[in-house]
Amino acid sequence: MSTGSIEKQATWELSLGEFLHAAVNRNPDKVFLQIVGQQITYGEFYSRVRQAAAMFANLGVQRGDRVCLFLPNVPEFHYCWFGLSLLGAISVPVNVAYKRDEAAYIFDNAGATAVVTHRSLVDVAEAASAISPTVKHKLLATTELESEASQPPGEPPATGWLNLGELLAASEELTHLPEVSTHEISMLVYTSGTTGNPRGVQVTHLMYVAAGQGFAHWTEASEADRFFTCLPFFHANAQYYSTMGSLAAGATLVVAERFSASRFWDQVREANATVVNFIGMMMPVLAKQPESELDRQNNVRLFYGSPAFSPDFLEAFKERFDTEIIVGFGMTETCYGSIEKIGQQRRPNSSGQPRLHPDSGFVNRIRIVDDDGRPVPSGQPGEITISNPAVMPGYWRNQEQTDLALREGWLHTGDLGWADEEGFLYFVDRKKDVIRRRGENISSQEVEDAIKRHPTVLDCAVIAVPSELGEDEVKAYVTPRPPATVDPETIVRWCAENLAYFKVPRYIEVREEMPRTPSLRVRKDLLRQEREDLIEGCFDREAAGIRIR
């Protein structure tokens, strides 16, 4: 990789290494990351990233190799991500809530040559890597998390795991870096599809660079800003916006381990945060917290996130916490959807207009189409499609889904919406049979497959039902296997043993039969239409007091 003066066709056509090098040169002594009690300057961060590149190179990791990052919010995630990117290798983040089989699927599908995990996750990582034949190297981070501070030391890690901290410290910074194209893959971000297993979105260097440049532009960010996130690094939100946006602005990124409604504002105040990202469930939860005389005592000038809540809700939140709020529409496949502009009069329930890049040569278009791909008139619902230079090149090893998503230069989102005559976007619903719960996308088939494995279950169907938090809850319809009977609490605990906590159904309805098609598929559309209140009379694990985390 060359870090000299290279003429580019466009300002966004940079590799991550080039982009990071420029950010470091602007202010190497400024704090970039504030995380797990550490303050890491831009210069220190770049040094550790090059050490990580050298470490992986010494292990034999080469251009195009995949390395799974099964890590909580610790700095090692970023060292590895950027270090691998310097080599032209590919990071593969793994949801830290995953159990053995879920993690093993990602390891296998990505063909991971190495796994990096944290001591708090080593048991799951060990079990998953044991059944993943491609994994050759296993690295362990031992950074102390805030949640571990009062806990006694855990059991020694399984044998065969290399100490990541020791390897980094022993590695000389890699100075001779390969040339990496802006169109090469930096990361595979797995997202659940409508059915079946998760799909790996191939995120290029260009996509990350354009995301950072765009987010700094949309938020009017500067070096004086302090970005705050409590969202996980394995999600695109914290990558595209918090990380890349901070780098683009030359700002400081303050990271919390996870979202806590009761501690959120204290953390924001302690961080002296000025820009905060949210995901849907955070806003209603924060709004339901007891009011405090400290509510307006913060320096947050901007909240950004999705979805587009009602104007009354947003205005009340803005007034209570004394902060501006803008909402948008985006996805892992491209962060260039739509966004509101700061200070712009809000269009009720709109997600704003197509996002602009600071370079006018970057053209982003949103088009609403019918089932045949033809544009529909303003005001008419249809599928949201997007076209811009920062759209993914496709799904990893999944040509069928790639062909469905990318057609004639447009990304077909699978989401329904409409646009007014001025191009403001209004999200309607998801075409995909996917459940959105607490910021996570859940494949209904994946939950169904887990429940069907229970010996008392003959069949099941999983759908989304409304949540009081503004997104979805998971409901399972379960048919017993004669002569057995189904105990809902047993099914919940079975799911908790086999699925990430956010996939475990909240509601369970036991029934002898379900409506079916002639080919014996369950008619989920009829289940949704059976009655207005889909949760009435159902087993509710939260009402039953069952804790699953």
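**Briefing: packing, strands and charge pairs in a predicted model**

Setting aside neighbours within four places in sequence, R226 is in contact (heavy atoms within 4.5 Å) with Q34, T252, V254, A271, N272, A273, T274 and V275. This is a predicted model, in which local features need pLDDT of at least 70 and side-chain atom pairs count only at pLDDT 80 or more, while totals for chains, interfaces and linings use all residues. Residues are numbered from 1 along each chain as its sequence is written, and side-chain values use heavy atoms, with hydrogens and water left out.

- R226 belongs to strand β10 (residues 226-229); helices (H or I, at least four residues) and strands (E, at least two) are DSSP runs, numbered from the N terminus.
- R226 is buried yet lacks a salt bridge, and E270, the nearest side chain of opposite charge, is 9.1 Å away. Buried means under 20% relative accessible area, exposed over 50%, and partly exposed in between (1.4 Å probe, protein chains only). A salt bridge is a side-chain nitrogen of Lys or Arg within 4 Å of a carboxyl oxygen of Asp or Glu. For charge, Lys and Arg count as positive and Asp and Glu as negative; His and the chain ends are not counted.
- The largest nonpolar core has 114 residues, and F56, F228, F264 and F303 have the most contacts inside it. Such a core is a set of buried Ala, Val, Leu, Ile, Met, Phe, Trp, Tyr and Cys residues joined through side-chain atoms within 4.5 Å.
- Apart from that core lies another, of 46 residues, including A103, I435, I491 and C495.

- Buried residues of helix α4 (residues 100-110) are E102, A103, A104, I106, F107, N109 and A110.
- Five of the five residues of strand β6 (residues 137-141) are buried, so β6 is largely enclosed by the rest of the structure.
- On one side of β6 the buried residues are H137, L139 and A141, and on the other K138 and L140.
- Strand β5 (residues 114-118) pairs with β6 in the parallel sense over five bridges, and V116 stands opposite L139. Pairing requires that DSSP finds at least two bridges between the two strands.

**The β24-β27 sheet**

- An open sheet of four strands has the order β24-β25-β26-β27, with mixed pairing.
- β24 (457-466) and β27 (539-540) are the edge strands, each with a single partner, so one side of each has no neighbour in the sheet.
- β25 (residues 472-480) and β26 (residues 507-510) pair in the parallel sense over four bridges, with A476 opposite I508 in β26.
- Helix α14 (residues 488-498) packs on the sheet, touching β24, β26 and β27, and its direction makes about 130° with that of β26. Axes are lines fitted to C-alpha atoms, for helices over the stretch in contact, and angles run from 0 to 180 degrees between N-to-C directions.
- Helix α13 (residues 444-452) lies across β24 and β25, at about 145° to β24.

**Salt bridges**

- The structure holds 31 salt bridges.
- E126 and K138 form a salt bridge (3.0 Å, N to O). E126 is in helix α5 (residues 122-130) and K138 in strand β6, so the pair ties together parts 12 residues apart in sequence.
- K138 counts as buried at 18% relative accessibility, and E126 as partly exposed at 23%.
- D459 and K452 also form a salt bridge (3.6 Å, N to O); D459 is buried at 12% relative accessibility.
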